[in-house]
Amino acid sequence: MSLSPSRFSCRGRTAVAAFCAALLLAAGAWATPAPASVHAPAAEETAALPAPFARWQSSMDAFAAADKAGLPQAGGVLFVGSSTIRLWTDLREDFRQLPVVINRGFGGSTMADCNYFVKRLVLQYRPRQVIVYAGDNDLAEGRSPAQVLESLRSFAGTVRGELPDTRISYVSIKPSPLRSALLPQIREANGLIADYLRGVPGTDYIDIFSPMMAADGQPRAELFGPDRLHMNAAGYGLWQSAIRPYLQEAEGRGTRMQADAVPALAPPAAAVQGLVAGSRP
């Protein structure tokens, strides 16, 4: 059946109009960004931590809230690491000669965790010295001594790259009765780290392993609480005495003793015995 010109024109105009409308819609879709909810993660999602580190979200949020309430002054001495640091509730009092003492310990953390969070935990505070204790939990989770060293190496490299004048002082992995089976790995990790730090200017290796070992080659149980993992007041008293000589005063006149030139430090026996026993809260 033949079509009249007028009828054909009508259909042609309709087809052209539909085609043009489709082009306009396509052009609009191309030029207009898709809703954020469809093509981009929400702000709170982008801020979320990746799976291996998500367990520390509440700790990082707590640090952020504390900073919002009052950001510590730059140029202080920052302690960072695992529960041994977090549970040091008298840290500021024990080192009250320092004008600024910052505690950024988060319980159960590893040296790998400290390395991952180094920007949040260290760099933003611009400290003049960082005291770091971690590695104990790495070994307990199955990492090798070489992996602990690599995490520390990366941590130190990041700190030194951003804060070249900041001193880095590593406290050796402690021997605890609960983890006596790990003593060979602890000794190996401590040895690797001590050797590494001897070749890095502006660093210290603080040996607390030696003074925490008894004459029978086992950890000194009297330095630990009931869980045989975390220290009691006597243990923290020993740490205070061991760390104090390595601290830098505000004017930079503090002692800077390299690990290979200094014997292991321990408080006098009478001083340790005089400390009140019992685990920290």
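1. Helices (H or I, at least four residues) and strands (E, at least two) are DSSP runs, numbered from the N terminus. On that basis, Glu-141 sits in the loop between α9 (136-140) and α10 (145-162).

2. This is a predicted model: local features need pLDDT of at least 70, side-chain atom pairs count only at pLDDT 80 or more, and totals for chains, interfaces and linings use all residues. Residues are numbered from 1 along each chain as its sequence is written, and side-chain values use heavy atoms, with hydrogens and water left out.

3. Back to Glu-141. Its relative accessible area is 43%, so Glu-141 is partly exposed (buried means under 20% relative accessible area, exposed over 50%, partly exposed in between; 1.4 Å probe, protein chains only). Not counting residues up to four places away in sequence, Glu-141 touches Arg-55, Gly-108 and Thr-110 (contact means heavy atoms within 4.5 Å). Thr-110 is 31 residues from Glu-141 along the chain, and their C-alpha atoms are separated by 9.0 Å.

4. Now the charges. Side chains of opposite charge can pair when their charged atoms come close. The structure holds 12 salt bridges (a side-chain nitrogen of Lys or Arg within 4 Å of a carboxyl oxygen of Asp or Glu). One of them joins Glu-141 to Arg-143, with the closest N and O atoms 2.9 Å apart. Arg-143 is partly exposed, at a relative accessible area of 28%.

5. Helix α10 carries a pair of its own. Arg-153 and Glu-150 form a salt bridge at 3.4 Å, N to O. They are 3 residues apart in α10, so about one helical turn separates them. Arg-153 is partly exposed at 36%, and Glu-150 is partly exposed at 44%.

6. What do Arg-167 and Asp-204 form with their side chains? They meet in a salt bridge, 2.8 Å from N to O. Arg-167 lies in strand β4 (residues 167-171) and Asp-204 in strand β5 (residues 203-206), so the pair ties together parts 37 residues apart in sequence. Arg-167 is buried, at 6% relative accessibility. Asp-204 is buried too, at 1%. Elsewhere, salt bridges that share partners join Arg-55, Asp-113, Asp-138, Glu-141 and Arg-143 into one network.

7. Last, the core. The largest nonpolar core has 70 residues (a set of buried Ala, Val, Leu, Ile, Met, Phe, Trp, Tyr and Cys residues joined through side-chain atoms within 4.5 Å). Helix α11 (residues 183-198) gives the most to this core, with 7 residues. Phe-79, Phe-155, Trp-239 and Ile-243 have the most contacts inside the core. Beyond its neighbours within four places in sequence, Trp-239 has contacts that include Trp-88, Tyr-133, Ile-208 and Met-212.
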